[in-house]
Amino acid sequence: MKRMGFCLGLKPDQIAEYKGIHAAVWPEVLATIARCNIRNYTIFLREPENTLFATFEYHGADFAKDMETMAADPKTQEWWKICVPMQVPFETRKAGEWWAEMEEVFHTD
């Protein structure tokens, strides 16, 4: 298992909508997340900076392949068409990233 963290901006005028759709995530999207070996997934919002922080546990053996599987899922693509216009990726993200991956520097149970 690997703990992972990602961050992303959120447009200020989209906060209520973003919270609303995440209060009732589509079951098909949740199933795809689980099928792609992601567990304990949480998204936090920091206002007034409007920064999203996502954290989850990855329980698979090939993260890149699982992310390809997720990206190929039609219902997830439909979900992303709603979410992506609300988001503001960091200019400093790596090539190919939307959510910027973060380095884990501390953990305790």
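Modeller: N40 lies in strand β2. Its phi is positive, about 55°, although N40 is not a glycine. How accessible is N40, buried or exposed? N40 counts as exposed, because its relative accessibility is 53% and the cut-off for exposed is over 50%. Keep in mind that this is a predicted model.

N37 is partly exposed, with a relative accessible area of 22%.

Next comes I38. Strand β2 spans residues 38-46. Which residues does I38 contact, leaving aside neighbours within four places in sequence? They are I33, F56, E57, Y58, M67 and M70. I38 also belongs to the largest nonpolar core, which has 20 residues. Within that core, I38 is listed with L10, Y18, L52, F56 and W99 as having the most contacts.

The loop between β2 and β3 holds P48. A cis peptide bond joins E47 and P48, with omega at about 10°. The loop between β2 and β3 also holds N50. N50 counts as buried, because its relative accessibility is 10% and the cut-off for buried is under 20%. What does N50 contact, once neighbours within four places are left aside? The partners are L8, G9, L10, P12, I15 and L45. One of them, L10, is also among the core residues with the most contacts.

From here, follow F56. It is a contact of I38, and F63 touches it as well. F63 lies in helix α3, residues 63-72. Apart from residues up to four places away in sequence, F63 touches M4, F6, F56 and Y58. So Y58, like F56, is a contact of both F63 and I38. F63 is partly exposed, with a relative accessible area of 24%. F63 and K2 are 61 residues apart in sequence, yet their C-alpha atoms are 10.0 Å apart.

That brings in the whole chain. Residues 24 or more positions apart account for 71% of its contacts with a separation of 6 or more. The chain has 4 helices and 5 strands. From the N terminus on, they run β-α-α-β-β-α-α-β-β. The radius of gyration is 14 Å, close to the 13 Å that the globule rule gives for 109 residues, so the chain is as compact as a globular protein of that length. Its C-alpha atoms fill a box of roughly 40 × 35 × 30 Å along the principal axes.

Last, burial, surface and charge. Buried residues make up 29% of the 109 residues. The chain exposes about 7200 Å², and carbon and sulfur atoms supply 56% of that area. There are 12 positive and 17 negative side chains. The centres of the two sets lie 2 Å apart.

Key:
Residues numbered from 1 in each chain as written. Predicted model: local features only at pLDDT ≥ 70, side-chain atom pairs only at ≥ 80, totals over all residues. Heavy atoms only, no water. Core = buried A, V, L, I, M, F, W, Y, C linked by side-chain atoms within 4.5 Å. Buried < 20%, exposed > 50% of the residue type's maximum accessible area, 1.4 Å probe, protein only. Contact = heavy atoms within 4.5 Å. Helix = DSSP H or I, 4+ residues; strand = E, 2+ residues; numbered from the N terminus. Rg over C-alpha atoms; globule rule 2.2 N^0.38 Å. Areas by Shrake-Rupley, 256 points an atom, 1.4 Å probe, with all protein chains shown as cover. Lys, Arg positive; Asp, Glu negative; His and termini not counted. Charge placed at Lys NZ, Arg CZ, Asp CG, Glu CD.
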